[in-house]
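Please read these notes with the model open beside them.

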Amino acid sequence: MDFADQELIGEFVVESLEGLANVESQMLAIEEADSNVDTDLVNSVFRTMHSIKGSAGFLGLGKIENLAHALEEVLNYLRNQGIRPTSDVVTTVLRATDFITELMHTVEDSNDTDVSEYVGELQKFRPGAVEISTPVDSKGAEASATTCESVVAQVSLEDEMGEPRCAKEVADFTR
């Protein structure tokens with residue numbers, strides 16, 4: 001990595017940490033508002049994640065980019081009122097945001113970090129990501145539940161925008 005790259009990454013880290021510093025208080029205010037979501041506040045958090053995603057992608061920081069993208073999706077669902085800012089949503093967003101903050105402090109090693117746990121937790125909030133019961137196995141034991149996400153991945157039930165189709169369509173497909 002040359003000096004110019006180090007300088008750009010340093011600026012990225014400083015700007016990202018400044019934006020991330022406000023996310024906790026903003027998300028708590030969003031949760032408190034419940035269905036009366038302040039879209040300006042959600043947009044502010046969304047812009048922070050969008051900026052981190054874009055800059056991380058430009059700098060080749062793929063793991064940070066992936067996690068920021070998953071956060072951005074959840075925030076987009078919040079601002080479009082596709083989901084409510086429940087305690088579970090806010091807690092998951094804050095956990096993932098805290099992890100991005102940790103990654104910023106060790107940015108040079110961030111591409112070696114597994115972010116799949118956080119991305120998976122965030123993806124469960126996609127509209128249509130419903131729990132689907134699986135059949136009982138031959139011994140009468142109930143098999144573990146799977147999410148719409150795995151069904152979508154297996155059969156590509158996505159609309160033109162790449163979003164999973166509604167829960168009813170997925171449920172109808174799995175019958």
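1. E117 is partly exposed, with a relative accessible area of 47%; the labels here are buried for under 20% relative accessible area, exposed for over 50%, and partly exposed in between, using a 1.4 Å probe and protein chains only. R95 also falls in the partly exposed class, at 33%.

2. On the source of the coordinates: this is a predicted model, in which local features need pLDDT of at least 70 and side-chain atom pairs count only at pLDDT 80 or more, while totals for chains, interfaces and linings use all residues. Residues are numbered from 1 along each chain as its sequence is written, and side-chain values use heavy atoms, with hydrogens and water left out.

3. R95 and E117 form a salt bridge through their side chains, at 3.2 Å from N to O. Because R95 sits in helix α5 and E117 in helix α6, the pair ties together parts that are 22 residues apart in sequence. The term salt bridge is used for a side-chain nitrogen of Lys or Arg within 4 Å of a carboxyl oxygen of Asp or Glu. Side chains of opposite charge can pair when their charged atoms come close.

4. Which other residue pairs with R95? The side chain of E121 does, in a salt bridge of 2.9 Å, N to O. E121 belongs to helix α6 and R95 to helix α5, so this pair ties together parts 26 residues apart in sequence. Through shared partners, the salt bridges join R95, E117 and E121 into one network.

5. How many salt bridges are there by this rule? The count is six. One of them brings together the side chains of E73 and R126, at 3.4 Å from N to O. This pair links distant parts of the chain, 53 residues apart: E73 is in helix α4, and R126 is in the loop between α6 (116-123) and β1 (131-132). Are these two residues buried or exposed? E73 is buried, its relative accessible area being 13%, and R126 is buried as well, with 16%.

6. D34 has a positive phi, near 50°, and is found in the loop between α2 (23-33) and α3 (39-59). D34 counts as partly exposed because its relative accessibility is 26%. Q81 likewise has a positive phi, near 60°, and its place is the loop between α4 (62-79) and α5 (87-105). With a relative accessible area of 55%, Q81 is exposed.

7. For the overall layout, the protein has eight helices and two strands. Helices (H or I, at least four residues) and strands (E, at least two) are DSSP runs, numbered from the N terminus. In that direction the elements follow the order α-α-α-α-α-α-β-β-α-α.

8. Some totals complete the description. The protein has 175 residues, and 37% of them count as buried. Its accessible surface is about 9,900 Å², with 49% belonging to carbon and sulfur atoms; such areas come from the Shrake-Rupley method with a 1.4 Å probe, and for residues only the protein chains shown count as cover. Taking contacts (heavy atoms within 4.5 Å) between residues at least 6 apart in sequence, 61% join residues at least 24 apart.
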